[in-house]
Amino acid sequence: MNLPVGEVLEQGLDLSRLAVKELMESFMDKGFSGYIVDTVWGHSGVEEGVFLFRQGFLVGSFFEYMSCGVTYLGDYSMQHVFNSYAAKKGVVDIVGLSVQQVDLIMAFNEKLKVTAELNKKNLL
């Protein structure tokens with residue numbers, strides 16, 4: 001899925017050295033708007049997961065198994081994205097967006113919508 005470039009805050013972070021739980025908590029605390037994308041080498045080849053945030057709240061998610069051509073959207077994709085953070089090889093990019101950009105993404109991709117609440121208590 002194509003997402004706007006926005007402001008690249010971090011690029012090519014080594015997933016094995018990333019404290020994902022703390023990162024997600026910081027997104028919530030700071031009211032982050034944008035997305036985090038992880039690209040990993042999984043069991044079926046290259047996989048990519050995205051969490052989309054709007055003012056600190058997780059609003060969208062998708063996960064792609066690139067070699068299989070399979071994509072999961074919304075609530076069902078969340079577990080796939082979280083599982084991908086356990087991969088031994090992968091990189092993470094963090095991109096900041098305006099609230100309006102996030103709203104546009106969600107308006108044109110309603111199936112990305114996450115209805116499950118993500119908060120510090122149920123995080124990872």
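How do the residues that line the largest pocket divide into nonpolar, polar and charged? The legends below take up this question first, and every view comes from a predicted model.

**View 1. The largest pocket and the residues that line it.**
In this predicted model, the largest pocket has a volume of about 190 Å³. Its lining is formed by Val40, Trp41, Gly42, His43, Glu47, Phe63, Tyr65, His80, Asn83, Ser84, Ala87 and Lys88. Two or more of these residues are given by each of strand S2 (34-42), strand S4 (57-65) and helix H2 (75-84). As for the opening question, the lining of the largest pocket divides into 5 nonpolar, 5 polar and 2 charged residues.

**View 2. The second largest pocket and the strands that supply its lining.**
The second largest pocket holds about 160 Å³ of space. A total of 14 residues line the second largest pocket, and those closest to its centre are Leu3, Tyr35, Val37, Asp93 and Val95. At least two lining residues are supplied by each of strand S1 (7-14), S2, strand S3 (45-54) and strand S6 (90-96), and the largest share, 3 residues, comes from S2. By residue type, the lining of the second largest pocket divides into 10 nonpolar, 2 polar and 2 charged residues.

**View 3. Val40, a residue of strand S2.**
Val40 is one of the residues that line the largest pocket. Because its relative accessible area is 4%, Val40 counts as buried, the cut-off for that word being under 20%. When residues up to four places away in sequence are not counted, Val40 touches Leu15, Gly45, Val46, Glu47, Ser84, Ala87, Lys89 and Gly90. Among these partners, Glu47, Ser84 and Ala87 also belong to the lining of the largest pocket.

**View 4. The buried residues of helix H2.**
In H2, the buried residues are Ser77, Met78, His80, Val81, Phe82 and Ser84. These buried residues pack against S2, S3, S4 and strand S5 (70-73). His80 and Ser84, which are buried in H2, are also among the residues that line the largest pocket.

**View 5. Glu64, a buried residue with no salt bridge.**
Glu64 lies in strand S4. Although Glu64 is buried, no salt bridge is found for it, and the nearest side chain of opposite charge, that of Lys111, is 14 Å away. With its neighbours within four places in sequence left aside, Glu64 is in contact with Met1, Val46, Glu47, Glu48, Val70 and Thr71.

**View 6. The salt bridge between Arg17 and Asp14.**
The structure holds 2 salt bridges, and one of them joins the side chains of Arg17 and Asp14, with a distance of 3.5 Å from N to O. Arg17 has a relative accessibility of 73% and therefore counts as exposed, whereas Asp14, at 34%, counts as partly exposed.

**View 7. The salt bridge between Asp103 and Arg54.**
Here the side chains of Asp103 and Arg54 meet in a salt bridge, at 2.6 Å from N to O. The pair links distant parts of the chain, since Asp103 is in helix H3 and Arg54 is in strand S3, 49 residues apart. Asp103 counts as partly exposed because its relative accessibility is 33%, and Arg54 is likewise partly exposed, with a relative accessible area of 28%.

Val99 and Lys88 are 11 residues apart in sequence, and from C-alpha to C-alpha they are 33 Å apart in space. Gln55 is found in the loop between S3 and S4 and is partly exposed, with a relative accessible area of 44%. Most residues other than glycine have a negative phi. The phi of Gln55, by contrast, is near 50°, a positive value in a residue other than glycine.

Note on methods
Residues are numbered from 1 along each chain as its sequence is written. This is a predicted model: local features need pLDDT of at least 70, side-chain atom pairs count only at pLDDT 80 or more; totals for chains, interfaces and linings use all residues. Side-chain values use heavy atoms; hydrogens and water are left out. On a 1 Å grid over the protein atoms alone, a cavity is a set of points where a 1.4 Å probe fits but cannot get out, and a pocket is an open set with protein on both sides within 12 Å along at least five of seven lines; lining residues have an atom within 4 Å of a point. Grid points are joined across faces, edges and corners, and a volume is the space filled by probe spheres set on the points. Helices (H or I, at least four residues) and strands (E, at least two) are DSSP runs, numbered from the N terminus. Ala, Val, Leu, Ile, Met, Phe, Trp, Tyr, Cys and Pro count as nonpolar, Asp, Glu, Lys and Arg as charged, and the others, Gly among them, as polar. Buried means under 20% relative accessible area, exposed over 50%, partly exposed in between (1.4 Å probe, protein chains only). Lys and Arg count as positive and Asp and Glu as negative; His and the chain ends are not counted. A salt bridge is a side-chain nitrogen of Lys or Arg within 4 Å of a carboxyl oxygen of Asp or Glu. Contact means heavy atoms within 4.5 Å.
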